[in-house]
Amino acid sequence: MTSKTEKKIAPSKLWPDIRSAGGISSWIEAQLREQNLWVDNLETDKMSANDLADYKKRLKAEAAEKRRLNTLAWKAYKATHIVHLGETIWWNDEADADRFDNPRAEERLAENEIPDLKSPDDLAKALDTTVPGLRWLTFHREAAEFVHYTPFTIPKSSGGTRQIWAPMPKMKAAQHWVLRNIVEHLPVHGAAHGFLPGRSILTNARLHTNSKIVVNMDLRNFFPTVTLPRVKGLFRAAGYQEQLALLLALLCTESPRKIAHYDDKKYFLALGPRCLPQGAPTSPAITNAICLRLDRRLTGLAKKLGWRYTRYADDLTFSLPESHADSPRLGDLLGTVRAVVEDEGFEIHPDKTRVARTGARQKVTGLVVNGKGGPRVPRHKRRMVRAAIHNLQQGKELHEGDSVHTMAGWAAYIFMTDPEEGAGLLEALGPFIEAQ
């Protein structure tokens with residue numbers, strides 16, 4: 001028997017009634033009594049055959065309705081609770097306080113001007129989805145038939161290829177919300193120049209002009225090193241409790257995966273722990289926030305030794321000013337930087353530490369910083385663009401792999417450091433861009 005009210009009410013709307021009744025068992029009992037289907041336990045030894053048959057019939061009707069109500073209650077629970085997030089992910093629907101909670105949680109949320117989310121339902125509403133929709137976005141499988149990312153590769157400037165995992169529309173929209181409303185509000189050190197408004201490779205390089213020595217160091221496997229627990233810790237430090245911090249971290253991480261085919265099905269197999277995917281809009285900003293203490297320690301170290309320090313993503317740069325009269329203490333710098341980086345959970349790439357003194361070309365994030373003037377695009381790149389323009393003006397073909405739009409990109413890049421030269425190159429390319 002199904003009442004008209006139960007037919008109309010959605011599972012998510014039913015749960016408040018179940019909760020106010022005292023839970024699923026109490027709600028089921030109340031429903032059975034309301035429908036006159038509740039059966040008290042009776043002794044059957046002295047029942048007549050007719051009474052026993054009637055008693056069994058009533059028990060059978062009660063059991064059938066109890067199963068139906070239990071299914072309905074479970075649907076209502078799943079519509080309003082996360083329940084489970086997959087293997088290796090520990091989840092508890094009860095929001096219990098623990099020793100890892102920030103004692104100044106509400107104060108930290110207010111300081112950072114980020115939303116005060118108390119429950120999965122709060123987060124789901126903020127993302128314009130439902131709790132089941134949030135579960136679908138954050139559920140983890142070691143062997144998945146579907147993931148929320150599209151993989152592709154791009155060439156590395158140093159050779160080889162880099163795999164990018166681009167989020168699909170719903171995941172991308174969720175990540176953009178997390179980025180704009182939470183991550184971009186978290187504190188970042190002044191030494192960070194990557195992926196921040198008003199900062200760029202130019203502002204990064206500008207701080208290293210007029211140097212005796214420039215040292216470039218790279219962090220190895222930068223994004224894969226920032227795993228789920230580290231991202232969750234960032235959100236917990238920001239003021240969110242375990243549940244919300246875990247859900248936010250799951251939205252921003254994914255396991256590196258290998259695509260395999262078995263029994264005519266495509267699977268995405270996890271190759272390691274969940275980490276920041278290269279391609280998610282949240283990943284660069286999260287690394288900037290997570291590197292706050294690293295940047296603070298390296299800035300302090302550099303200052304103590306008379307050096308300057310900046311970081312652009314995974315690229316660390318140290319420079320010794322031309323005016324510095326004391327010993328450069330290069331060995332102390334390199335050894336201590338390595339120790340600090342490892343203590344902060346990262347690793348220096350052993351093959352990508354470069355030391356450039358005054359007589360050599362000093363480059364910072366691709367720009368030349370020694371010699372006269374400020375940071376600038378290397379001379380061979382500028383000559384390449386001028387040669388391409390000359391060929392176009394003579395009616396000749398560009399080199400294989402080059403295009404008018406590629407040259408326009410290089411001209412815009414030059415304009416960033418030398419507006420006069422860049423403007424001239426862009427003007428010369430204008431007719432050829434319009435003809436495309």
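This is a predicted model: local features need pLDDT of at least 70, side-chain atom pairs count only at pLDDT 80 or more; totals for chains, interfaces and linings use all residues.
**Notes on a few spots in this model**

1. Let's start with one side chain. A polar atom of the side chain of Asn-370 lies 3.3 Å from the backbone nitrogen of Gln-362.

2. Where does Asn-370 sit in the chain? Look in the loop between strand 11 (367–368) and helix 16 (379–393). Leaving out residues up to four places away in sequence, Asn-370 touches Thr-358, Ala-360, Arg-361, Gln-362 and Arg-376.

3. Is Asn-370 buried or exposed? Its relative accessible area is 14%, and buried means under 20%, so Asn-370 is buried.

4. Thr-365 lies in the loop between strand 10 (363–364) and strand 11. Although Thr-365 is not a glycine, it has a positive phi of about 45°. With 14% relative accessibility, Thr-365 counts as buried.

5. Now try Phe-195, in the loop between helix 8 (169–181) and helix 9 (201–206). Phe-195 is not a glycine either, yet it has a positive phi, of about 60°. Its relative accessible area is 48%, so Phe-195 is partly exposed.

6. On to helix pairs. How do helix 17 (residues 404–417) and helix 18 (residues 419–434) pack? Their axes are 7 Å apart, at an angle of about 160°. Angles over 145 degrees count as roughly antiparallel, and therefore helix 17 and helix 18 are roughly antiparallel to each other. The crossing of helix 17 past helix 18 is left-handed.

7. Who makes that contact? On the helix 17 side, the residues include Val-404, Met-407, Ala-411 and Phe-415. On the helix 18 side, Leu-425, Leu-429 and Phe-432 are among them. Sorted by class, the contact of helix 17 with helix 18 has 14 nonpolar, 3 polar and 1 charged residues.

8. For another pair, look at helix 11 (residues 228–237) and helix 13 (residues 283–290), which pack at an angle of about 70° with axes 11 Å apart. That makes helix 11 roughly perpendicular to helix 13. Helix 11 passes helix 13 in a left-handed crossing.

9. Which residues make the contact of helix 11 with helix 13? Helix 11 brings Arg-230, Val-231 and Leu-234, while helix 13 brings Ile-286, Ala-289 and Ile-290. By class, that contact has 5 nonpolar residues, no polar ones and 1 charged.

Definitions and conventions
Residues are numbered from 1 along each chain as its sequence is written. Side-chain values use heavy atoms; hydrogens and water are left out. Helices (H or I, at least four residues) and strands (E, at least two) are DSSP runs, numbered from the N terminus. Buried means under 20% relative accessible area, exposed over 50%, partly exposed in between (1.4 Å probe, protein chains only). A polar contact is a pair of N or O atoms within 3.5 Å; within protein, one must be able to donate a hydrogen and the other to accept it, and residues adjacent in sequence count only if both atoms are side-chain atoms. Contact means heavy atoms within 4.5 Å. Axes are lines fitted to C-alpha atoms, for helices over the stretch in contact, and angles run from 0 to 180 degrees between N-to-C directions. Angles under 35 degrees count as roughly parallel, over 145 as roughly antiparallel, 65 to 115 as roughly perpendicular and the rest as oblique. A crossing is left-handed if the near helix is turned anticlockwise from the far one by less than a right angle, and right-handed if clockwise. Ala, Val, Leu, Ile, Met, Phe, Trp, Tyr, Cys and Pro count as nonpolar, Asp, Glu, Lys and Arg as charged, and the others, Gly among them, as polar.
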